[in-house]
Number of protein chains: 2
Amino acid sequence: MSARAFLAGLGFSLLAGSAVVAADPLATLTSQAVTDRWAYDFLADLTSEFGPRPAASPAALRAAQWAQQRLQRAGFDDVHLETFPVTAWTRGPESAEIVAPLHQSLAVAALGQSVATPAAGIDAEISLFKSFQGLRDAAPGSLSGKIAVVTQRMTRTQDGSGYGAIVGMRVTGASEAARKGAIAYLIRSVGTDNHRLPHTGVMVYAKDAPKIPAAALSNPDADQLERLAANGGVKLHLALASESHEKAQAVTVVGELRGRETADQVVLLSGHLDSWDLGTGAIDDGAGVAIAAGAGHLIGLLPQRPRRTIRVVLFGAEEIGGASKPYADGQGSKIGSIVIAGESDFGAGRIYQACLPGDSAGSAFGKKLAAAIEPLGVDLSKTPARHGGADIEDLVERGVPFVQFSQNGLDYFDIHHTADDTFDKIDPAELAQNVAVWASFAWLAAEDGMDFRAAALQAPAK
Amino acid sequence: MSARAFLAGLGFSLLAGSAVVAADPLATLTSQAVTDRWAYDFLADLTSEFGPRPAASPAALRAAQWAQQRLQRAGFDDVHLETFPVTAWTRGPESAEIVAPLHQSLAVAALGQSVATPAAGIDAEISLFKSFQGLRDAAPGSLSGKIAVVTQRMTRTQDGSGYGAIVGMRVTGASEAARKGAIAYLIRSVGTDNHRLPHTGVMVYAKDAPKIPAAALSNPDADQLERLAANGGVKLHLALASESHEKAQAVTVVGELRGRETADQVVLLSGHLDSWDLGTGAIDDGAGVAIAAGAGHLIGLLPQRPRRTIRVVLFGAEEIGGASKPYADGQGSKIGSIVIAGESDFGAGRIYQACLPGDSAGSAFGKKLAAAIEPLGVDLSKTPARHGGADIEDLVERGVPFVQFSQNGLDYFDIHHTADDTFDKIDPAELAQNVAVWASFAWLAAEDGMDFRAAALQAPAK
């Protein structure tokens with residue numbers, strides 16, 4: 001695609017005069033985001049050379065070393081790796097078949113942290129529930145010796161809120177089923193596609209229930225089981241060979257663009273370098289690390305650094321949960337130096353809305369940001385930011401203000417956590433729009449003296 | 001969906017007056033096709049209860065027995081099974097991994113009739129060609145000890161013609177590669193999607209080349225290999241455990257609606273009951289057998305049979321090639337009784353054009369057909385039919401005239417021959433339009449005295 005086509009696609013017509021562009025750092029950033037391929041190439045190389053990058057895997061470690069070099073070459077300061085312990089998890093061979101009434105193979109994927117089945121697998125009749133509530137309402141003991149199957153569907157939404165509404169079925173369902181006597185747990189994939197590619201994702205065992213194996217069926221396979229279960233007598237064979245690995249070492253990559261005046265004040269941009277094991281983690285979250293690093297890269301190309309420091313953090317263990325705590329803990333008393341944080345972790349779908357802490361939108365900073373991102377198709381909301389991203393949650397709990405960019409997520413859950421999460425799904429123009437928005441925000445937040453902590457305490461003006 | 005919505009979707013507004021509908025068999029057929037769920041239920045049950053139905057497999061045999069009963073219950077005459085010998089083929093466990101520069105799994109599927117690798121698999125460097133011609137142009141011996149990979153892309157077209165343009169890469173490529181010294185052969189899937197679901201399909205070994213294992217990569221995996229191969233040094237591990245089975249028994253299902261006057265003249269409608277083993281054969285070709293049988297079912301509901309016999313043939317071994325020859329041979333001298341034949345084997349995509357033998361379009365029959373199918377959105381072309389479908393080729397070679405209905409195939413090759421070929425991909429309104437068109441054609445061809453053999457010999461009027 002030509003630079004002009006990119007520009008038109010992003011609504012950049014106001015920036016076409018290059019003399020103007022050179023004079024204004026914000027205009028330079030948004031203009032360069034359109035033509036610069038650094039973030040796109042970063043993502044292509046990350047996903048192609050290292051493939052899937054489960055937390056603490058050899059591929060994740062090598063990808064972190066590579067990212068360190070890539071940031072160093074881009075001129076980031078103090079680029080380093082931070083290692084921390086996690087309980088890693090690896091998928092083994094896995095299969096599921098209908099064995100009665102007639103033999104058919106099913107497409108399944110173990111849920112992350114699921115225990116294995118016995119080596120010979122599990123053979124049992126199914127009890128199928130079309131809603132998670134149906135499973136919850138089942139009588140104790142009623143699933144004794146059965147494989148519990150829940151086939152509730154996720155709703156497709158622009159903002160991805162359909163995910164939060166149903167993901168409990170994946171995270172907590174196995175223990176619900178085990179409490180009723182089930183010996184294994186299968187769910188319809190938490191996803192909006194109709195492909196034979198199951199969606200994995202993390203699950204957690206409750207302490208008061210037996211640990212039973214848990215896996216996701218692809219959506220067409222869940223449909224198939226629903227149709228067959230209507231006649232009863234469906235038996236499955238399920239074999240999962242997953243393993244947990246305690247005290248594995250995950251790696252986070254950190255690099256900075258040191259501020260020219262108030263270097264001890266930090267604007268933190270992030271994504272996560274780890275991915276699930278089925279795909280190559282292009283939308284989750286290669287895109288996010290490319291966007292955060294790409295925004296930093298563009299700012300690094302400007303004639304002078306902004307006043308505050310911009311820090312890019314590529315977290316190393318988002319998918320297995322709770323992994324940003326070591327980073328937040330590690331900040332110690334320096335946590336107050338982080339003036340604002342943000343995470344890009346929703347693919348490369350176009351950003352349509354920004355939310356800032358408290359009443360920041362009404363401030364002089366807010367007006368400057370609104371003017372910078374409006375030509376990129378982004379509306380600055382007066383509603384305060386509510387969700388900052390999983391990796392910065394532990395920072396947020398410690399009082400760090402955060403920014404939230406809403407992206408078009410209509411298609412995100414078609415491929416999220418599946419083998420289909422690969423580089424070909426990335427639209428370069430949409431990735432460039434994300435880089436432009438994050439770079440504009442980061443530069444302004446680092447150049448402006450805005451006190452986000454104070455703003456976060458204020459309700460927005462009506 | 002309501003009957004009215006169906007009707008509107010199909011452009012049936014002219015048929016809304018039910019008094020008119022009752023008087024005219026053609027109007028009755030098209031009207032009932034909209035509300036009748038027989039074909040859709042046939043397809044749901046076929047794909048759900050029997051799953052994949054490779055020729056001569058236990059599932060294919062059981063599906064044939066079930067289809068026999070379903071046709072008998074629908075009032076077809078002389079419903080019977082015809083058994084014939086084939087060389088069947090079964091897929092075993094299969095895997096492919098990049099082992100250098102870094103380990104990554106690839107999504108592959110053995111091509112139909114491929115030999116197995118040694119049990120330990122094959123480990124070799126790849127030679128990658130972005131076009132099939134590139135492989136053909138490679139020097140003899142230049143691929144010695146290598147795995148040849150061809151990543152040419154299929155073009156998406158309305159009429160599916162992109163398939164014919166490239167399928168030689170799948171059918172003949174392994175022997176091309178073997179002649180240059182390759183020890184295995186991998187292709188980009190012959191398909192238009194970007195999912196991690198490889199497209200299988202039949203291949204044929206030439207007599208003058210060693211038989212080497214052959215498999216298809218999913219499109220994203222082919223992309224990944226292309227990116228990595230640009231730096232060289234890519235090594236793969238490939239393991240396929242396929243098996244051939246000579247003298248297996250495939251089964252074709254035949255049923256008739258005996259004509260009320262000239263029962264010895266036969267209008268033959270067909271599809272194929274066998275499928276590939278990865279999906280449940282909904283678009284290939286559960287839809288076709290549901291359409292052919294469904295058209296017969298609707299005609300059977302009319303107050304009286306048409307003059308000629310309508311025969312529905314559900315062929316038993318299309319996917320492994322050449323399997324209609326036993327049926328054609330079995331007709332012997334009765335081949336002349338088949339006045340016209342047709343096959344539905346392109347999913348349930350909407351029909352937009354019909355082609356008849358020779359100059360039939362200009363005949364009185366042609367005018368009646370055009371009037372019947374125009375409200376269904378189908379144009380009767382003056383161009384003679386050129387391709388009748390793989391299963392009726394042997395009939396055509398023996399002089400049987402044939403009809404050809406062109407369907408919208410823009411998306412067909414997204415899921416053709418993949419695990420994604422499942423019932424959820426069927427649009428009931430589009431299936432109903434197909435049934436309406438085939439039922440209209442079959443009834444008219446059986447009621448009218450049209451001599452298609454004579455017409456087939458005439459060039460169409462300009």
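**Domains and chain contacts in a predicted model**

Visitor: In this predicted model, how many residues of chain A are in contact with chain B?

Guide: The model is a prediction. Contact here requires C-beta atoms, placed from the backbone, to lie within 7 Å. On the chain B side 23 residues take part, and the number from chain A is 23.

Visitor: Which element of chain A gives the largest share of the side that touches chain B?

Guide: Helices α4 (38-50), α5 (58-73) and α10 (219-229) of chain A each supply at least two residues of that side. The largest share, 5 residues, comes from α10(A).

Visitor: What relation holds between chain A and chain B?

Guide: Chain A superposes on chain B with an RMSD of 0.0 Å, through a rotation of 180° and a shift of 0.0 Å along the axis.

Visitor: Within chain A, which helix gives the most to the side of domain 1 that touches domain 2?

Guide: Domain 1 of chain A covers 3-88 + 246-456, and domain 2 covers 92-241. Their centres, taken over C-alpha atoms, are separated by 35 Å, and 19 residues of domain 1 are in contact with 19 residues of domain 2. Those of domain 1 divide into 9 nonpolar, 7 polar and 3 charged. With 4 residues, the helix that gives the most is α15 (residues 412-415) of chain A.

Terms used:
Residues numbered from 1 in each chain as written. Chains lettered and ligands numbered in written order. Predicted model: local features only at pLDDT ≥ 70, side-chain atom pairs only at ≥ 80, totals over all residues. Domains from an automatic or database assignment. Contact = placed C-beta atoms within 7 Å. Nonpolar A, V, L, I, M, F, W, Y, C, P; charged D, E, K, R; others polar. Least-squares fit on C-alpha atoms with pLDDT ≥ 70 in both.
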